Amino acid sequence: MTPATILGIGAAIIVSIALYGVVTASSLLRRIVALNLLGGGIFLLFGVIARRGAAAGFESDPVPQALVITGIVVAFAGTALAVALVVRLEQARNESPDADGERLDGADAP
Amino acid sequence: MSAVLLAMAAAVIATTIAALWRAVNGPARSDRLMSVQLLGTGAIAALLLVAGATGAGSALDLALVLAMLSSFATIAVALAPAPGRGGAA
Amino acid sequence: MLLDFWTVAVAALGVLFFVAGTAGVLRFPDPLSRLHAVTKADTLGVGLIALAIVPQAATPLDAAKILLIWLATMLSAATVGPLLARVAIRNGDER
Amino acid sequence: MIAGAVFDIALVALLVALAAWSVSTRSGFTAIVGFIGYGVLLVVAWMRLRAPDVALTEGTIAAGLGGVLLLTAQARVGESAARTSAGAPRQDGGPSTIARIGIAILCAFVGASLIAVVLSLPEPAPSLAPLTAEALPRVGLGNPVNAVLLGARALDTLLEKVVVFLAVIGVWSLSRDHAWGSSPSIGPRTTSRVGGAAGGIAPAPAGPIAMLARIVPPFGIVVAGYLLWNGANEPGGAFASAAMLAAMALLVLMAGLGRIPRCSQGSWRATIVAGPLLFMAVALLGLPLAGAFLAFPEAWSKPIIVVIEIALVISVASALVLLIAGPPTTEPSP
């Protein structure tokens, strides 16, 4: 088995575990963490495809690599925004523990 | 020789797997942080060995970046207010 | 040839320190003693491995980078050690 | 080759174990610690896939910025929960056991399908590498990945920077009305807290963090410059460089040796948008000069790319610091 195949199988297992985490997470922050695990696994699959596409003197196809780099940056920006929303939501919930706060609570646990 | 160095890199990764037991079982927050710190040091060592085995200068760049940033997680935890009650995470 | 022997021997010693560090993390009784294993044994391990790899560096720049990696690891360990100890004491984990 | 295979299997086993631990553990803090470890190992995995550019990007994010972002947020959420609801942390049960089993089966099915895909990928693997090699001299860069990022897929790269900028606007817009215009705070707090005297981190810029923050940033800035300059021909590039720079700024902020400018300050806002704006201006100049949006005149390709990259590094580094620091707040900071 080539390194690409071994890492590809690992990435597939990571994707399934992280997907389970995203669906069943007990808090929003945990969900964000699981989403990032999932992203890491999917990026790794791109890397496997890039490694297999080694040609023209490159050890790895540059185009999927460029896609992954863009993906990592965008995923980080998205994560930061999501994290800021979660922190703000938590503050809002603690400031108004009335009916409004309860509704936010309900929206948290689908 | 490069095979020997790669095998050593595998050995370093294997020891960090063993240290992961401490991360999983804790019991303290500081224990878990410690294991991740060890994982970072292990990754730096493995990258150094890979660089020695393959002559890839980029592995050194990576090890350098990891080494410079390896203390960030611990700093963030040390600056965060202590958890409310108890302490064991 | 001699340099290759140096690389393998010193790197093996470094790996040994990693094994020792892991053993310490697993076996020492409380967080503060485990701290020794993480910040001392592993830093020494990286230092030895860096020293072992230097002769294999392709260019002087690579050799300088290896030394910088070693310095950064030591600095980071020196910072992380007291901080982890404070986290442990603050959370009351020292026993 | 056997040593290589053993190494890969050990690496994959560790990655999977960390992901499973991060998902299954009880405490949010532990999940984040697991995630940081996972990120560090991903760096090694990318190295094994011969993708050092991706590894550098992942390394700066995983080892530095991502961990700080999540751990700080975890502390803020935990702290805010502890302040008012004086009881156990909020618990929602999540899906029932039966639902969990069903979800697990479906997820396992997804994983099995992906494994089948990996094992049955087409044998002469499709590749755009020859096309990239052909275009390389026209872009003027030796590093194929950066040539793709700034050549063929420059529109993606432009939009990516705009996304980072929009995310900053999104984070800022979460500020409270009365805090708008002030500066975000990250780093030591001056507010006294229980147990602060008995071993809390002293707010004064002394001690280990301040020592590190005084020694490391000069080296970090050199490394950031090296990554950017080297990125033309060797692995590296604008984003890794910007992330390194942001990490150094973050270190200074966390040590309490500096503070973020107020978000109402015009020059600060201009710094953040300068990179994307310059990129867009050059892209528009391509219309009259080279006949297409984002087309650079071939002779000028390399200098244009270098100038754009330097501007982008400064803007993106500022934006990354702001993304991690969170919305402006009036909470006391030193």
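These are my notebook entries on a predicted model with several chains.

**Ground rules.** I number residues from 1 along each chain as its sequence is written, and chains are lettered from A and ligands numbered from 1 in the order in which they are written. The model is predicted, so local features need pLDDT of at least 70 and side-chain atom pairs count only at pLDDT 80 or more, while totals for chains, interfaces and linings use all residues.

**Confidence.** I looked up the scores: ipTM is 0.87 and pTM is 0.86.

**Chain A against chain D.** I looked up contacts (C-beta atoms, placed from the backbone, within 7 Å). 74 residues of chain A are in contact with 81 residues of chain D. Helices here are DSSP runs of H or I, at least four residues, numbered from the N terminus. On the side of chain A that touches chain D, α1 (3-24), α2 (28-52) and α3 (62-95) each supply at least two residues. α3(A) gives the most, with 25 residues. By class, that side of chain A has 46 nonpolar, 20 polar and 8 charged residues. Nonpolar covers Ala, Val, Leu, Ile, Met, Phe, Trp, Tyr, Cys and Pro; charged covers Asp, Glu, Lys and Arg; the others, Gly among them, are polar.

**A:V63.** I picked one residue in α3 of chain A, A:V63. Is A:V63 buried or exposed? A:V63 is buried, because 22 other C-beta atoms lie within 10 Å. The cut-offs are 20 or more for buried, 12 or fewer for exposed, and partly exposed in between, with C-beta atoms placed from the backbone. Leaving aside neighbours within four places in sequence, A:V63 is in contact with D:L128, D:T132 and D:V148. The C-alpha atoms of A:V63 and A:A50 are separated by 7.6 Å, at 13 residues apart along the chain.

**Chain B helices.** I then checked α2 (residues 29-54) and α3 (residues 57-69) of chain B, whose axes come within 8 Å and cross at roughly 165°. Axes are lines fitted to C-alpha atoms over the stretch in contact, and angles run from 0 to 180 degrees between N-to-C directions. α2(B) and α3(B) are therefore roughly antiparallel, a term for angles over 145 degrees. Residues of α2(B), including B:G40, B:A43 and B:I44, meet residues of α3(B), including B:A59, B:L60 and B:L62. This contact has 12 nonpolar, 1 polar and no charged residues.

I also looked at α4 (residues 72-79) of chain B: 8 of its 8 residues are buried. Among them are B:F72, B:T74 and B:L79.

Methods:
Two residues are in contact if their C-beta atoms, placed from the backbone, lie within 7 Å. Angles under 35 degrees count as roughly parallel, over 145 as roughly antiparallel, 65 to 115 as roughly perpendicular and the rest as oblique.
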